[in-house]
Protein chains: 2
Amino acid sequence: MVDDNRQWLLRRRPTGPLTEDVFELRRTAVPVPSEGQVLVRTLCLSLDPANRVWIMGPSYRPAVEVGAVMDGFALGQVVRSEHPGFTAGDWVSGDLGWQDYRLASGRALRRFVRQPGVPLSYHLGVLGMTGLTAYFGLLDIGRPEPGQTVLVSGAAGATGSVAGQIAKARGCRVVGIAGSPTKCGLLVDGLGYDAAINYREDDVKAAIARHCPDGVDVYFDNVGGSILGAALLSMNIGGRIICCGAISGYDSGEPLPSPPGIPSLLIGKRLEMKGFIVLDYAARFGEGIAALTGWVNDGSIVVREDRVDGLEQAPQGLIGLLAGENVGKRWVHIAEPEGPQAS
Amino acid sequence: MVDDNRQWLLRRRPTGPLTEDVFELRRTAVPVPSEGQVLVRTLCLSLDPANRVWIMGPSYRPAVEVGAVMDGFALGQVVRSEHPGFTAGDWVSGDLGWQDYRLASGRALRRFVRQPGVPLSYHLGVLGMTGLTAYFGLLDIGRPEPGQTVLVSGAAGATGSVAGQIAKARGCRVVGIAGSPTKCGLLVDGLGYDAAINYREDDVKAAIARHCPDGVDVYFDNVGGSILGAALLSMNIGGRIICCGAISGYDSGEPLPSPPGIPSLLIGKRLEMKGFIVLDYAARFGEGIAALTGWVNDGSIVVREDRVDGLEQAPQGLIGLLAGENVGKRWVHIAEPEGPQAS
């Protein structure tokens with residue numbers, strides 16, 4: 001146990017693309033829990049495109065305040081508990097923030113059961129928020145039928161890579177959009193996608209038409225912007241668009257322009273566009289984790305992770321994530337578990 | 001029976017706001033049905049914002065061809081039948097076009113049963129396509145709960161006026177948006193809306209906030225454009241937007257700009273936007289007509305119609321409709337029914 005608590009604070013709101021000086025590292029004493037509180041050691045910190053949204057201003061959640069510890073979803077282990085519901089050594093997840101230790105109320109934490117035979121970090125990704133995002137978005141909003149065509153953007157990312165593989169497991173034709181030849185190669189050769197489009201090099205609209213000869217029935221959108229615009233033109237009558245993220249606009253400091261054709265394309269093609277936040281499905285997380293665990297265990301879902309080492313690398317890790325550096329789930333390794341459950 | 005057939009042809013595609021010279025009146029002989037054909041006399045011709053879309057280019061249906069008779073949904077009566085499924089005097093609806101007589105295959109026609117005690121034209125409006133559009137759009141896509149707030153644009157039009165009254169019958173707070181003090185007065189004093197907004201005079205966003213203090217749960221959009229943009233900002237988490245029409249862009253010759261915030265507002269507020277065409281619900285028309293008939297008979301739905309007299313007035317009638325001249329369902333009276341069922 002280290003004897004100080006490193007914390008990344010939000011120094012100022014970014015006005016354009018994120019830079020490291022938006023954050024500031026501080027060292028404080030490890031806090032001591034009072035009655036009803038739990039001291040948690042952060043082990044695996046999630047980096048997500050949504051982090052960039054949280055520091056911009058209020059969104060679906062209040063903005064991170066300037067001067068406060070940067071928010072971040074993470075896995076941790078209880079170090080000391082003054083709360084009857086938690087014991088030292090418990091695995092917990094929650095918004096532990098960009099810091100070594102968080103002093104939390106019981107309400108802010110969720111205990112979880114480690115799945116046997118998989119790395120701890122899977123509970124952050126494929127069996128955690130991003131896997132559940134893919135699961136509920138694709139199946140609840142997208143409702144793909146076997147034989148239908150599913151298009152996924154951000155397809156090599158944490159959510160997209162899982163969404164596409166679930167669609168394959170459901171018997172769909174799956175086409176992914178990603179930002180490099182390496183990612184496109186991985187999609188087809190490693191993850192079983194039927195085809196991949198490199199949006200930095202290809203004419204996206206033409207490539208969608210080429211790879212989706214029967215049109216697109218379900219579009220899982222992680223990016224928004226012009227790729228959403230191209231997908232809209234390729235949708236079949238009665239298609240569903242899952243509005244999961246809009247990373248193409250998060251780091252610009254400017255509002256992302258809406259794609260053309262709203263609402264006329266929605267009417268003419270009878271399209272459904274629906275946005276969601278994975279926490280809306282909290283009551284069904286058990287169902288999702290069980291299904292995802294099954295697909296991981298039987299090899300239907302191949303997991304790709306992108307590990308960043310050390311809390312001090314969190315800002316650069318997020319900057320790189322927003323630039324599309326990562327393949328699969330990006331997370332920050334902060335510490336190894338301790339105690340008998342560590343294995 | 002007149003002895004010639006007046007037909008409005010599409011002379012050219014309009015490039016900007018519709019003008020009468022886009023159409024051309026021709027007189028031809030009344031055609032004679034061959035084996036399998038039906039000769040129908042057009043009685044009530046529907047004028048709909050969608051007519052403007054049909055002459056622009058291909059949409060959810062092929063464009064009306066230049067030189068062809070203008071398409072139009074209408075009610076008519078069989079004059080002479082060489083088809084085993086139809087008899088002279090039958091009431092039929094279908095795309096009879098802007099003409100006195102249509103020679104049709106049986107497939108192009110739908111027989112209907114006149115409801116007792118209501119004018120024939122109701123089968124074009126409140127008990128026809130526009131009433132059914134309101135019914136399925138509001139209830140199937142909007143799914144309003146009692147006590148929720150429903151916002152309707154084009155609220156004094158054929159579809160909007162019915163949608164708002166169905167929402168009132170369901171126990172919702174209903175706020176309408178229309179384009180004149182007369183229409184706004186009608187909404188509140190005649191149709192039971194809780195409040196009305198005149199988009200030509202009011203600051204729409206501020207007026208929505210004032211009249212929808214609990215936010216908007218369901219927005220029935222007939223107009224698109226900036227009013228859709230204002231509504232998007234007022235939606236509650238989990239709200240539904242029914243994309244029914246986009247009349248604000250139909251007559252400009254320019255594509256309508258999309259409202260800002262797509263997809264980010266959809267994600268943050270978990271909104272559903274869904275487009276539809278009433279014909280998608282053809283299998284359930286019986287259910288809709290029965291429900292609408294009940295509401296008309298018990299006074300829950302007050303019907304407003306806007307009659308234009310004479311086929312020669314069809315172009316001006318459509319031009320005025322696109323300018324927002326009408327209150328309630330606009331239709332063209334072409335001829336009176338004949339025979340024993342005429343009453």
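The stops below cover a sheet, the nonpolar cores, a strand residue and some aromatic rings.

A few ground rules come from how the model was handled: it is predicted, local features need pLDDT of at least 70, side-chain atom pairs count only at pLDDT 80 or more, and totals for chains, interfaces and linings use all residues. Residues are numbered from 1 along each chain as its sequence is written, chains are lettered from A and ligands numbered from 1 in the order in which they are written, and side-chain values use heavy atoms, with hydrogens and water left out.

**Stop 1: the sheet**

Show the strands as cartoons; helices (H or I, at least four residues) and strands (E, at least two) are DSSP runs, numbered from the N terminus. Two strands pair if DSSP finds at least two bridges between them.

Now select strand E9 (residues 173-178) of chain B: with E10(B) it pairs in the parallel sense over four bridges. Which residue of E10(B) is the bridge partner of Ala178(B)? Look for Asn198(B).

**Stop 2: the core**

Next, select Met273(A). Contact means heavy atoms within 4.5 Å. Leaving aside neighbours within four places in sequence, Met273(A) has contacts that include Leu228(A), Ile241(A) and Cys243(A), and also Ile262(B), Leu266(B) and Met273(B).

A nonpolar core is a set of buried Ala, Val, Leu, Ile, Met, Phe, Trp, Tyr and Cys residues joined through side-chain atoms within 4.5 Å. Buried means under 20% relative accessible area, exposed over 50%, and partly exposed in between (1.4 Å probe, protein chains only). The largest core has 140 residues, and among those touching the most other members are Met273(A), Tyr219(A), Trp98(B) and Met273(B). H2(B) gives this core its largest share, eight residues. A second, separate core of 54 residues includes Cys44(A), Leu139(A), Ala163(A) and Ala335(A).

**Stop 3: Ala104(A)**

Move to strand E6 (residues 101-105) of chain A, where Ala104(A) lies. Ala104(A) is buried, at 0% relative accessible area. Gln37(A) is 67 residues away from Ala104(A) in sequence, yet their C-alpha atoms are 5.6 Å apart.

**Stop 4: the rings**

Finally, color the aromatic residues. Rings of Phe, Tyr and Trp (its six-membered ring) pair if their centres lie within 6.5 Å; planes under 30 degrees apart count as stacked, over 60 as edge-to-face and the rest as tilted. Over all chains there are 14 such pairs. Tyr135(B) and Trp295(B) make a tilted one, 6.1 Å centre to centre with 50° between the planes. Tyr135(B) lies in helix H2 (residues 129-142) and Trp295(B) in helix H9 (residues 285-297) of chain B, so this pair ties together parts 160 residues apart in sequence. Tyr135(B) is buried, with a relative accessible area of 8%.

Phe136(B) is buried at 1% relative accessible area, and Tyr281(B) counts as buried at 10%.
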